[in-house]
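This report covers the disulfides, the strand pairing and the nonpolar cores. Please have the model open as you read.

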Amino acid sequence: MTRLTKTLAPLSLLLLAYACKIEEGTMPPTTPPTPTTPTTPPTPTAPPTPTAPPMPTAPPTATATTPPLPTGVATGPTAPPAKPDAGGGTKTDAGGGSKPDAGGTASGKCAADGDCPAGQHCAMGMPLNGRCWKNGSPEPICLAEDTRIATPSGEIPVRELTPGTMVWTLDASGTRVAAPVTTVGHVPAPPSHKMVHVVMSDGRSVHASPRHPTCAAAKPSAGTMADLSHGHAFDRATVSTADRTPYAGEETYDLLPAGATGCYWANGVLLGSTLR
């Protein structure tokens, strides 16, 4: 027993010393465990992008096929159709072709018939003054196209008159009466054509070809427009001026009322007809 005690005594002292050291904090600190890095959660996978449905395919465009034109048909603008002329010729609108053939067309200056094409003569009188003119055609001795004719319904442009239109005229006794138009006519005017512009003392005025007649039934002091001059007594007034002026119109016009005289009022001036 004594021996055991002696043997354990040193061990007891060693344990006591170790216990004291622990109490005094001299034991080396124990290294704390390294914290574990948290595991990153997996990134969620994005849902797949839906695929757009395919675009519908447009139907093929139908190509119109132009049928071939018949041989000889023009592909450009078509000229307006020809209009019948009172004397048997034709006329188309401006820029479309021929002028009326009824009254002939001045084709050039001349000094004799031999200077003109076949079927034409050299018209030396007024208003053509040496121009080729179609044989048998009336020369332009009529009214300007904007002349207004007196009618029971008011004044009407001469170019709008038709057979049967009622106009004022003189009867055999010199009385003003209404009568129907029996004939209307118009002839082409050459580029050289001139009108006589007569202005009356009371303000009336009219343009007519130089050889257009006055109204013989009224016993005028002059037989044609070319005979009128300043101071002439004419149609209840006197002539203030009677000048030759160039005519820009394409045609001249005239009419013939029914009755004994064939007279009518043009722009208020009493004149005769070239169609008698």
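The link of cysteine 215 and cysteine 263 is right-handed, with 90° about the S-S bond. This is a predicted model. The two sulfur atoms, of cysteine 215 and cysteine 263, lie 2.0 Å apart. Cysteine 215 sits in the loop between β10 (205-208) and β11 (233-234), and cysteine 263 in the loop between β13 (251-257) and β14 (264-266), so the bond ties together parts 48 residues apart in sequence.

Both ends are hidden. Cysteine 215 has a relative accessible area of 1%, so it counts as buried. Cysteine 263 is also at 1% and is buried.

A second disulfide joins cysteine 110 to cysteine 122, with an S to S distance of 2.0 Å. The torsion about its S-S bond is 95°, and the link of cysteine 110 and cysteine 122 is right-handed. Cysteine 110 belongs to the loop between β2 (90-91) and β3 (120-123), while cysteine 122 is in strand β3; the pair therefore ties together parts 12 residues apart in sequence. Cysteine 110 and cysteine 122 are both buried.

Cysteine 116 is joined to cysteine 132, with 2.2 Å from S to S. Here the torsion about the S-S bond is about -90°, so the disulfide of cysteine 116 and cysteine 132 is left-handed. Cysteine 116 lies in the loop between β2 and β3, and cysteine 132 lies in strand β4 (residues 131-134), so this bond ties together parts 16 residues apart in sequence.

Cysteine 116 has a relative accessible area of 13%. The cut-off for buried is under 20%, so cysteine 116 is buried. Cysteine 132 is buried as well, at 2%.

## The overall pairing

The count comes to 3 disulfides. With the bonded cysteines of the chain numbered in sequence order, the pairing reads 1-3, 2-4, 5-6. Cysteine 142 is a further buried cysteine, at 5% relative accessibility.

## The open sheet

Which strands form the open sheet, and in what order? There are 4 strands, in the order β10-β9-β12-β11, and the pairing is antiparallel. β10 and β11 are the edge strands, each pairing on one side only.

Strand β9 (residues 194-200) and strand β12 (residues 237-246) run antiparallel and are joined by 7 bridges. Valine 198 has alanine 242 in β12 as its bridge partner.

## The nonpolar cores

The largest nonpolar core has 23 residues. Those touching the most other members are Leu143, Ile149, Val198, Met225, Leu255 and Leu271. At least two residues of this core come from each of β9, β10, β12, β13, β14 and β15 (269-271). β9 gives the most, with 3 residues.

What does leucine 143 contact, beyond its neighbours within four places in sequence? The list is Ile149, Val158, Met195, His207, Ala208, His212, Thr252, Tyr253, Tyr264, Ala266 and Leu271.

A second, separate core has 6 residues, including Leu170, Cys215, Cys263 and Leu270. Cys215 and Cys263 are also the two ends of a disulfide.

Note on methods
Residues numbered from 1 in each chain as written. Predicted model: local features only at pLDDT ≥ 70, side-chain atom pairs only at ≥ 80, totals over all residues. Heavy atoms only, no water. Disulfide = S-S within 2.5 Å. Buried < 20%, exposed > 50% of the residue type's maximum accessible area, 1.4 Å probe, protein only. Pairing = 2+ DSSP bridges. Core = buried A, V, L, I, M, F, W, Y, C linked by side-chain atoms within 4.5 Å. Contact = heavy atoms within 4.5 Å.
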